[in-house]
Amino acid sequence: MTQLALVIDLNVCVGCHACVTSCKQWNTSGSAGPLTDLEPYGKDPNGAFFNRVQTFEVGEYPNTQTVHFPKSCLHCEDPPCVPVCPTGASYKRVSDGIVLVDYDKCIGCKYCSWACPYGAREVDPGRRVMTKCTLCVDRIYDPALAEAERKPACVMACPTSARLFGDIHDPESEVSRAIRDSAGYALMPEWGTHPANHYLPRRKTPMRMHEDELVRFDNPLKIDAALPKPPKSDPSLDDVMSW
Amino acid sequence: MSPSVVHDPLVPPLPGAETAIRTTTCYMCACRCGIRVHLRDGEVRFIDGNPEHPLNKGVICAKGSSGIMKQYSPARLTKPLRRKPGSERGAGEFVEIEWDEAFALLEERLAHIRATDPRRFALFTGRDQMQALTGLFARQFGTPNYAAHGGFCSVNMAAGMIYTLGGSFWEFGGPDLERAKLFVMLGTAEDHHSNPLKIAIAQFKRDGGRFISINPIRTGYSAIADEWLPIRPGTDGALLLALIHELIALGLYDREFLVRYTNSGQLVNINAADDEFGMFVRTEVPKEEGCFDPQDKLWWDRTSNRPVVTHSEGADPYLLGEFALSDGTRVKPAFQLLKERVADYTPEWAAGITGIAAEAIRRLAHEMGITARDQKIELPIAWTDIWGNEHDTVTGNPVAFHAMRGLAAHSNGFHTIRALAILMTLLGTIDRPGGFRHKAPFPRPIPPCAKTPNTPLAVKPNHPLDGLALGWPAEPDDLFVDDDGAPVRIDRAFSWEYPLAVHGMMHNVITNAWRGDPYPIDTLLIFMANMAWNSTMNVVEVRRMLNDRHTEGEQRGEYKIPFLVVCDAFQSETTAFADLVLPDTTYLERHDVMSMLDRPISEFEGPVDSVRIPIVPPTGQCKPFQEVLIELAGRLRLPAFVRPDGTRRFCDYPDFVINYETDPGSGIGFLSGWRGKGGEKFMRGEPNPRQWEMYARNNCVYQYKLPPSYQYMRNWNKGYLEWSQRNRIQRYAEPILVHVYSEVLQKFRAAAQGKGSSRKPPEHLKARLATYFDPLPFYYEPLEVQRTDLEKYPLCAVTQRPMAMYHSWDSQNAWLRQIHAHNHLHVNPKVARAAGIDDGGWMWVESQWGRVRCLCRYSEAVEPGTVWTWNAIGKAPGAWRLTPDANEAERGFLLNPLISEELPGETGDAPISNSDPVTGQAAWYDVRVRIYPAATDEARVTAPQYAVVPPAPGTVVDPPRRLAFFAGRKRR
């Protein structure tokens, strides 16, 4: 069975927010839109975003890591938001594992957002319905789009290709390989939600050096530090010492 | 799981809507990616990266993805505005006028200035990628007072590298991360070309490259570095010189590269008494003189042990030692002088200055040296050098660097960047795979050929300026000064004070004009620059200057800067001060060119230029600034824009772009692609009436790919140099040797020391010139630091822009402002706690020039000697059509009130610009501050607070309090 998901590589994410606003612009005019913004030009602007980047620091100076952490609905295999929904608006698609909200059924009771341990759901402040990442379900099956573009908007936008998209149940997919090869992990596995989205951790490339690499036969100083020879014609003791 | 779905997510959201996709070029920042604009019923529905575009290859950033909110911003100016008669400048009270009236007003005023004293018109632009036209307009008008924002941005980077390598980071070159193994980034948080750099860094890391970031702050790119070396701001020069010291001491330099491709082996006269002291010794006058380095210098040949002309067949120079010519002249190779220069710049010395441990500096030098030496790349590409030697391969030493404003925006930045360029050269990484690579039209001769006039006689009423307003001085005689050595330009660029101010000094224009020193002006035209806000130092005082009047004399009661014209697409803080506001279009509403005559978007593989074409009609009556200039040029009958009989040559800007040639019949124009009658020519060819169409059909971009043998070693590559000569990219096909030792700088020093035949500086500037025009890089404390009580103000304060707003012109953007609506001062927790400031608490940050109240945020990602904030988040209340109580106004702040545009002069009399003494680069990051908590009874808003900007006519008076953007719905 297919389970579509995002795999996000924290090793290359620079926190540029391209995924945040490309998501916003696609979805506000898409089948999940419009996404409302309250006070867009006033105090405390507050709108619905399906995807946000959280930035936090780990460790004490100077051993500090600055982590940019993009977060959206994780499309859990066992999503706690679905059973709590009193109207059946919150559902998980059998065909591809995407968790969606049917706005026509949603009454905005927020049970699902309380159930979600990841804080991935946001009530649209205008429509008063629960909204969240759809994995751009209105892109990924759209025959009008070139095949290479049938991906979520955030994946298309990401300048560092930190966002991979695919079926984590297919062991040969790009996402499955990335999880296997780069120690991909799921968030808070102890909740038993089996998030479909995974994260790839920071990986450090060290450089090993040996002291003897600084000692080389071809050191240019062997040439440059050599002193010039005086011309043979310069005066020398040879000219005066006859015995 | 629910099988029955009422709201089908796959149904088209607006059935039956008419959709279209158009390509153009982004301008949400200076990066200029290719974009596709998706329209639904004529409204912008989606903007994504164009996968067919060589720059961004389909990706897009947060800003580019928010273009819709720029297009439909309530702050859009839609009508020309004139300051309400009787109202105070800065009060923001305007009346709407028609374009005819605006043009008539400008025509009358400018025609009078042009006929009397063209200097009294100054044109300064915030964005510098339109200089081909703005520069032409200023020159044709006849004013020397023209520049773009480079002087207050990163001119040290351009000048420091171009005066050393003949090319620079920026649009003109960059790190080849595809082949690099080690990447060292200094003083950069985010940079343009921003998306290409992000693409490249990510790929580099995936391929196992090692990334080291040297920066006081760990954000942005530094976050994903394998190592972060925190450094004190303004001390990078010390680090780089210590790295050079270590590389030379251990022999970790690329000797062959230095010998063949740099001036390291050239002999310098070291007879202190000689007029020629510090100059290269020469054989004879070259046959042809021109804008290039003639090959008439000497090496001391190791084989024959005598001086020979450089690059003589079979010769190999000494790089070290001291020699005597037959006439007794003592000489040393340039490299010997470099070695002597860095002798005392040990890692231990640098550790005390930079805060980086000596051991870490050594290790960094070793990593660079060993990687460059032992991980060599050999590409199977045959090429011929300019001396005729054939090479079977192109070699690369895969250590790449990138640096930007963190190095540049200090008053010691020029020498710091010279040191960086020399470090890159020692490692043998110039225009080689895995190192630094040029982008056309660079490399250029050192310095490039363009020159300003060198006399005030070049400014003549009703006559174009006799030379360019901006250029590249090669010697003191190139300075734009009068017989007494006084500046001709209002910003004092190209004077003895700031001789290599190659991008002008926009940051001093308002102060100088207000003071009338060197002279008063009449009309200041500002395009797309927020000079009453974040683009100006000393913002509180500068706003006062804009509003200041004469209190005595004939001009009593008149404004000191009599007429201020601002052209912008938005109601900014600066438009409030304008006497005349010209509403510009957005990037989606106009034609534009990224011209080869300006700053194109070339790739390593060859020249690339591109265009914008209008996707949607202009909003209200807004008009592209280019059209304004073409119209004005026609009305003023500027020679390049009219025929001899006075009729207009060009009906509008698109017509101008197609038909303008640098000289009649030159075949060189604004766009390099699809020239010639049928579009069959590149770079040079007759105007093609269908050129726009051809760009539009081809993703709005023209890319020329050089053959591989021309893609590397271009400073010395015969094939490339002759190709660029044939295509008129440069006049000469001469080698461009790296200036490890800068004779250009020495010429200015010599003049200050009374040597040589060039003109000499005024007495009071001699010591300054002799100090800072050192032919070899050196480290000195930034000028402001030298004038600061460091006991009282111990901390550095710097700013950077967040990626979501980098280089962007609209942080009022409804989506982007939800990412950053206000800013904090980031302080290391140990430092903040010691000062008694809470995380999230209100605090004061104070310099010797002013103080600002703001919110504190603890950060472990900043070195303890530095505090920092995001720049340009803070807004004046009401500006950009945000409500006066918006977070930007109440909790956002600028550091600009802490930064002075001037410093006390060296001798205590006239003030000097707070700038690099070589280039005039604004020294934004030199300020020193102290911090302390705000009292509990103080207002919970940032200070200073600024006057509320009322809505300008033509903007949306009541911006929506609720937005639910859904493209196409409005039109139904």
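Me: Helices (H or I, at least four residues) and strands (E, at least two) are DSSP runs, numbered from the N terminus. In those terms, where does B:Arg492 lie?

Reply: In this predicted model, B:Arg492 belongs to the loop between strand 22 and helix 14 of chain B. Strand 22 covers 436-438 and helix 14 covers 509-515.

Me: Why are helix 7 and helix 11 of chain B called oblique?

Reply: The axes of helix 7 (residues 236-249) and helix 11 (residues 358-374) of chain B cross at roughly 60 degrees and come within 9 Å. Roughly parallel needs an angle under 35 degrees, and roughly perpendicular begins at 65. The pair is therefore oblique. Helix 7 of chain B passes helix 11 of chain B in a right-handed crossing.

Me: What makes the contact of helix 7 with helix 11 of chain B, by residue and by class?

Reply: Helix 7 of chain B brings B:Leu239, B:Ala242, B:Leu243, B:Glu246 and B:Leu247, which meet B:Ile361, B:Arg362, B:Leu364, B:Ala365 and B:Gly369 of helix 11 of chain B. By class this contact has seven nonpolar, one polar and two charged residues. Gly counts as polar, and B:Gly369 is among the residues of this contact.

Me: How do you know how helix 5 and helix 13 of chain B are oriented to each other?

Reply: Helix 5 (residues 155-165) and helix 13 (residues 413-426) of chain B pack with their axes 8 Å apart, at an angle of about 45 degrees. That makes helix 5 of chain B oblique to helix 13 of chain B, since the cut-off for roughly parallel is under 35 degrees and roughly perpendicular runs from 65 to 115. The crossing is right-handed. Residues in the contact include B:Ala159, B:Gly160 and B:Met161 of helix 5 of chain B, and B:Ile417, B:Arg418 and B:Ala421 of helix 13 of chain B. The class count for this contact is eight nonpolar, four polar and one charged.

Me: What does the radius of gyration say about chain A?

Reply: Chain A has six helices and 11 strands. For its 243 residues the globule rule gives 18 Å; the radius of gyration is 30 Å, well over that, so chain A is more spread out than a compact globule. Along its principal axes the C-alpha trace of chain A spans about 120 × 45 × 45 Å.

Me: How many residues make the contact of chain A with chain B, and which element of chain A gives the most?

Reply: 76 residues of chain A are in contact with 83 residues of chain B. Helix 1 of chain A gives the most to the side of chain A that touches chain B, with eight residues. By class, that side has 35 nonpolar, 25 polar and 16 charged residues.

Conventions. Residues numbered from 1 in each chain as written. Chains lettered and ligands numbered in written order. Predicted model: local features only at pLDDT ≥ 70, side-chain atom pairs only at ≥ 80, totals over all residues. Axes fitted to C-alpha atoms, helices over the stretch in contact; angles between N-to-C directions. Parallel < 35°, antiparallel > 145°, perpendicular 65-115°, else oblique. Left-handed = near helix turned anticlockwise from the far one by under 90°. Contact = placed C-beta atoms within 7 Å. Rg over C-alpha atoms; globule rule 2.2 N^0.38 Å.
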